[in-house]
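Hi everyone, thanks for coming. Let me put the structure up so that we can walk through it together.

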Amino acid sequence: MNQHLPESAESAEPTGAYRRRGPFREGDRVQLTDNRGRLHTITLTPGEEFHTHRGFYRHNDIIGKPEGTNIVTSSGIEYQLMRPLMHDYVLSMPRGAAVVYPKDAAQIVAMADIFPGARVIEAGVGSGALTLSLLQAVGDQGQVHSIERREDFADIARANIEIFFGGPHPSWDLSIGDLADVLPTVAEPGSVDRVVLDMLAPWENIDAVAKALTPGGVLICYVATATQLSRVAEDLREDGRFTEPVAWEQLVRNWHLEGLAVRPQHRMVGHTGFLIMTRRLADGVEAIVRKRRPAKGAYPVDEQWSEEDLGERIPSDKKVRKVRRDVTAHRDELVEHTGEDSGQDDDA
Ligand SMILES: C[S@@+](CC[C@H](N)C(=O)[O-])C[C@H]1O[C@@H](n2cnc3c(N)ncnc32)[C@H](O)[C@@H]1O
């Protein structure tokens, strides 16, 4: 049951919707933006005042006003008022662990096809950022079961989620423990539609995930480094119960918009993480392995890294000899015509 809400409003609307539309109400979070783009976020409380070095204003003057209103402080400074969108909230909410950025959460929801009514397992919950997007996507008829090994992080996530939705979400369960131990106790084999893993070592849980997922179900993992990505991919292939994995990253570049100066912004978030996705095959079915010609040495036995291990094309000695011959001949020709000698030796 959502706290702070009139029962009629709660029953008439999907969870959290009441908090995100209509005139400002008591308990709403409001984002105030000044003319330099600086933000303050407040929770509307009757009788309270918000003081800044640029004057003060009363919460009562905001309650009842529509979103998109401007207010002027006692010192004449203007602020624009909006409810924070989910991505604003995620980037400003308290964190225990690092959060999945909204751009990646959007990819996860879209690419893993998190649908209304879906049964989703998520681990770990961290600060609950991704959980918000998952809950929003499955809606009140779905189910998100989050598993987190750290109780302190779980508490932070629970608080963040309840603040955002205005109370507990009816589709959310949270268990404390390791995914591999907890998952078999909370999901019947073959009953889960989607699994989302954001943790250090997702490969440790492939067996538990394979047992829980329904045929055709999706596993998507968010990892920070290329070495994790490689390990997940190889272990999924080795397991044999999954389709050939696909991996990608998403770069978002914001644009500066001012008169004729319309161009990408100079700064951007260069790296957050990689996504890797696969689907559960029916029992007893073997993955169709895509025909590919891995570079010789792409799967090293002795872990000695070489260009070959990384799939780089190594030119043959013959090719290198030819390039060398051609380029030095070209240089000699130029010297003959211009009479200039760079003074460098061919073998240098
Ligand atoms: C980067 S955080 C997750 C952040 C979260 N997705 C968010 O958007 O806020 C990774 C979390 O996974 C948890 N974790 C790591 N391995 C786990 C496991 N095997 N089972 C459950 N939780 C695990 C960690 O304690 C940590 O809280």
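This is a predicted model: local features need pLDDT of at least 70, side-chain atom pairs count only at pLDDT 80 or more; totals for chains, interfaces and linings use all residues.

Residues are numbered from 1 along each chain as its sequence is written.

So, who surrounds the ligand? There are 21 residues around it, and the closest are Ala97, Gly124, Gly126, Ala129 and Met199; being near here means a C-beta atom, placed from the backbone, within 6 Å. Helix H4 (129–138) and strand S8 (143–148) each give at least two residues to this shell. Helices (H or I, at least four residues) and strands (E, at least two) are DSSP runs, numbered from the N terminus.

Now the sheet with 7 strands: it is open, its pairing is mixed, and its order is S9-S8-S7-S10-S11-S15-S12. Strands pair if DSSP finds at least two bridges between them. At the edges, S9 (172–176) and S12 (246–248) each have a single partner strand, so one side of each lacks a neighbour in the sheet. S12 runs antiparallel to S15 (274–279), joined by 3 bridges, and Ala247 stands opposite Ile276 in S15.

Which strands form the open sheet of 4 strands? Their order is S2-S1-S6-S5, with antiparallel pairing. Here S2 (39–43) and S5 (70–72) are at the edges with a single partner strand each, so one side of each has no neighbour in the sheet. Inside this sheet, 3 bridges link S1 (29–33) with S6 (78–82), and Thr33 sits opposite Gln80 in S6.
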